[in-house]
Amino acid sequence: MIRRPKIELVLPMPPKAKGRPRMSRKGRAYTPAETRKWEAQCACILSQHTPAEPLEGPLILDALFVFPRPGYMCKKDRHGNLKHDPALVWKPNKPDLSNVIKTLEDAMSIARWWKDDCQVTAGFQLKAYAELGGDARIELMLSEAGDSPEAMWLTTKAQRGSQSL
């Protein structure tokens, strides 16, 4: 079964990882100010597209996190050829993908897209550097989880084949 995105959106801002919780002198944990600021900015953009009612039930969140391309990936060799692919390039280093996802989910919770981010039961997320001349951004698709988990898993396995590492 083909999933139809309920919402598709591009956020014109660089992704940010969830900062480690800090402890107050009284022993309470809190989110660092820099992370709270990013979540508030993201929630402001998201709130312009918030559904009329918070979404209910199991949801699927697919996201592409595009980070700014580092300068060394824009350089050319002595023959004038680019040293790196001009398209999106994998970002296999920090920050961890799970921390980037958590920050986005928290911003979506602040913008009241759903009742709780625990409703996100599946998704496909990628972390990459921007294409040459491209901007950092977050592309997301949110849809309802229609299939059973077993059917979705079997479909995913069939699409990817029996690849082994």
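## Exercises on a predicted model

The model is predicted.

**Exercise 1. Find which residues of α2 are buried, and compare the reach of the helix with the expected value.**

Step 1. List the buried residues. They are Val-100, Ile-101, Thr-103, Leu-104, Glu-105, Asp-106, Ala-107 and Met-108.

Step 2. Take the length. α2 has 14 residues, and its first and last C-alpha atoms are 20 Å apart. At 1.5 Å a residue, 20 Å is expected, and the model comes close to that.

Step 3. Look past the end. Arg-112 follows α2 and has a positive phi, near 60°.

**Exercise 2. Work out how α1 and α2 are placed relative to each other.**

Step 1. Start with the axes. Helix α1 covers residues 33-47. Its axis and that of α2 come within 8 Å and cross at roughly 55°.

Step 2. The crossing of α1 past α2 is right-handed.

Step 3. Name the residues that meet. From α1 come Thr-35, Trp-38, Glu-39, Cys-42, Ala-43 and Leu-46. From α2 come Thr-103, Leu-104, Asp-106, Ala-107, Met-108 and Ile-110.

Step 4. Sort them. Eight residues of this contact are nonpolar, two are polar and two are charged.

**Exercise 3. Decide whether Gln-119 is buried or exposed, and name its contacts.**

Step 1. Locate the residue. Gln-119 sits in the loop between α2 (97-110) and β6 (120-122).

Step 2. Apply the cut-off. Buried means under 20% relative accessible area. Gln-119 has 11%, so this residue is buried.

Step 3. Set aside neighbours within four places in sequence. Gln-119 then contacts Leu-55, Glu-56, Gly-57, Pro-58, Leu-59 and Trp-114.

**Exercise 4. Check the span of α3, then step back to the chain.**

Step 1. Count and compare. Helix α3 (residues 149-160) has twelve residues, which should span 16 Å at 1.5 Å a residue. The end C-alpha atoms are 17 Å apart, so the two values agree.

Step 2. Move on by one element. Just after α3, Gly-161 has a positive phi of about 70°.

Step 3. Take the whole chain. It has three helices and eight strands, in the order β-β-β-α-β-β-α-β-β-β-α. Of its 165 residues, 33% count as buried.

How values were computed:
Residues are numbered from 1 along each chain as its sequence is written. This is a predicted model: local features need pLDDT of at least 70, side-chain atom pairs count only at pLDDT 80 or more; totals for chains, interfaces and linings use all residues. Side-chain values use heavy atoms; hydrogens and water are left out. Helices (H or I, at least four residues) and strands (E, at least two) are DSSP runs, numbered from the N terminus. Buried means under 20% relative accessible area, exposed over 50%, partly exposed in between (1.4 Å probe, protein chains only). Contact means heavy atoms within 4.5 Å. Axes are lines fitted to C-alpha atoms, for helices over the stretch in contact, and angles run from 0 to 180 degrees between N-to-C directions. Angles under 35 degrees count as roughly parallel, over 145 as roughly antiparallel, 65 to 115 as roughly perpendicular and the rest as oblique. A crossing is left-handed if the near helix is turned anticlockwise from the far one by less than a right angle, and right-handed if clockwise. Ala, Val, Leu, Ile, Met, Phe, Trp, Tyr, Cys and Pro count as nonpolar, Asp, Glu, Lys and Arg as charged, and the others, Gly among them, as polar. The expected span of a helix is 1.5 Å times one less than its number of residues.
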